[in-house]
Amino acid sequence: MVTKIVGSEAARKAARAVRKNATRAATGMLGLSGERMTKVDTAWLRMDGDSNLMMIVGVWVLKPHITREALCARVEERLLKYRRFKQKVVEDAAGATWVDDRDFDIDAHVVVEKLARKPKGREQEALQDRLAELTMTPLDRKRPLWQFHLVENYQGGSALMVRIHHCIADGIALISVTTSLVDGGLPPPERPSKAAPSGAEDWITDTLVKPFTDMTVKALGAAGESAAKSLHMLSDPQKGMAGSMDMAKLAYQLLTDMAALALMPDDSPTRLKGKPGRTKRVAWCAPIPLDEVKAVGKALNCSVNDVLLSCVAGAIGEYLKHHGDDPSGKEIRAMVPVNLRPLDQAYKLGNRFGLAPLVLPIGIENPIERVYEVRRRMGQMKGSYQPLLAFSLLSVAGLLIKPAQDAMLNLFGKKTTAVMTNVPGPREKLKFCGATIEQNMFWVPQSGDVGLGVSILSYGGGVQFGVITDSTLCPDPQQIIDGFEPEFAKLSMVTLMLPWEND
């Protein structure tokens, strides 16, 4: 039972003492000696649901093929240098603890897969089917929460499917892991282990989230109330900021962005939004040359990101039209992860990112008009504190019992159609166990009732699009994927036809 606490200093100290004693009691009764999971990571741990599992999934297509023995050797040499990959999670009433798995067995984490037989030329379809199954197959909670699935013989090479629970790390941190795994990669920096974490979070909490102390205490008192009321009670960060004009401006911006998060209008209703089922579909396309994307962006005075997101919006709009829907005047909201950590600290793993809502103008048919509208919206996101606020909400959610956490986090699901990531990868193709990584795709999970995930990854001189969908809402995501290249071709053609004149 959570008792409502007033926002006094004494009450805050009492709340901290209660939480600390609860943690000590829980870990003591369980006989645990490990590292407490941060509040944000705890929120991700608890977010698994019937329709969405909180796993980051990815696939590498390698040529020539690699063997399981070579993969195991690389995992033991590099991946297991990160302690988190040899630790399991033990939950208790106060949260969760990372505990070394004394019975760690690499055979449980590196497995060989055989794909279903498909006619020649349709092997990718078989790989996509298996990956879709794995996205909805829970990881074993009695073991460290990750698994590699190797298809030793795939299209003249191999395919490696990866599943890692989001509580271990976010996408930026996993890029650091990837960098250490490839041929020539550097292992994570050696550092002394800590008996206990120095604080609830790292630098982001100390420098930015501390003003939200009152919010955390009030959220504990609002545990059983609706997400909207929780957000309203979380909107008092200006205390402690008085006496400084800069702090007053910061407080105003925080309040403005908090109100924007709380009062976000619902998305346009489309067939892509609704109650998801329990199966997924996955699709990806061949890469588009990155140099061509850069050339179009330069000609239109837009970023590469603007161009790519415009193509995403266009492809989704065309998909809806193909199914008899009229997307004119409609928009859908996608939550975009925003990194909140110094890149040189990515090896520490964990989750240090916020979420920014980006509205995609799927109803604008003219590709030039659409790319400029995307550019305008991206400009509005700059300087926003919404990613930080989303991070602090996850931190608060990790303190709450699961029903209250679900009520708070469902705010995003109700207002959002998609989760989208756009990650710049290496310009040159990487090698792994002597084989070249020819294709590289990954997807972050969707939470709540969100049924669409879009990934954009630049790698090896190309840009690749991937889509993961709930099969109830979108049974054939390949139709969306097939629209990306035509949308880019249309934008390129119209750009070339514009009257370019020298002033």
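Trainee: Is glutamate 77 buried, exposed or partly exposed?
Mentor: Glutamate 77 counts as partly exposed, at 41% relative accessibility. Buried means under 20% relative accessible area and exposed over 50%, with partly exposed in between (1.4 Å probe, protein chains only). This is a predicted model, in which local features need pLDDT of at least 70 and side-chain atom pairs count only at pLDDT 80 or more, while totals for chains, interfaces and linings use all residues. Residues are numbered from 1 along each chain as its sequence is written, and side-chain values use heavy atoms, with hydrogens and water left out.

Trainee: Which side chain does glutamate 77 meet in a salt bridge?
Mentor: That of arginine 78, at 3.4 Å from N to O. A salt bridge here is a side-chain nitrogen of Lys or Arg within 4 Å of a carboxyl oxygen of Asp or Glu. Arginine 78 is buried, at 11% relative accessibility.

Trainee: How many salt bridges are there by this rule?
Mentor: The count is 27.

Trainee: What does arginine 83 pair with in a salt bridge?
Mentor: Arginine 83 pairs with aspartate 100, and their closest N and O atoms are 3.5 Å apart. The two residues, 17 apart, link distant parts of the chain: arginine 83 lies in the loop between helix H3 (68–77) and strand S3 (87–92), and aspartate 100 in strand S4 (residues 95–100). Helices (H or I, at least four residues) and strands (E, at least two) are DSSP runs, numbered from the N terminus.

Trainee: And how far apart are lysine 321 and glutamate 318 in helix H11?
Mentor: They are 3 residues apart in H11 (residues 304–322), so about one helical turn separates them. Lysine 321 is partly exposed at 33%, and glutamate 318 is partly exposed at 30%.

Trainee: Changing topic, what is the strand order in the open sheet?
Mentor: The 6 strands run in the order S5-S6-S7-S2-S14-S13, with mixed pairing. At the edges are strand S5 (110–112) and strand S13 (431–432), each pairing on one side only. Two strands pair if DSSP finds at least two bridges between them.

Trainee: How many bridges join S5 to S6?
Mentor: There are 3, and S5 runs parallel to strand S6 (residues 146–154). Valine 112 stands opposite leucine 150 in S6.

Trainee: Which strands does H3 lie across?
Mentor: H3 lies across S5, S6, strand S7 (157–165) and S13, at about 150° to S6. Helix H5 (residues 171–181) also packs on the sheet, touching strand S2 (55–63), S6, S7 and S13, and its direction makes about 30° with that of S2. Contact means heavy atoms within 4.5 Å. Axes are lines fitted to C-alpha atoms, for helices over the stretch in contact, with angles from 0 to 180 degrees between N-to-C directions.
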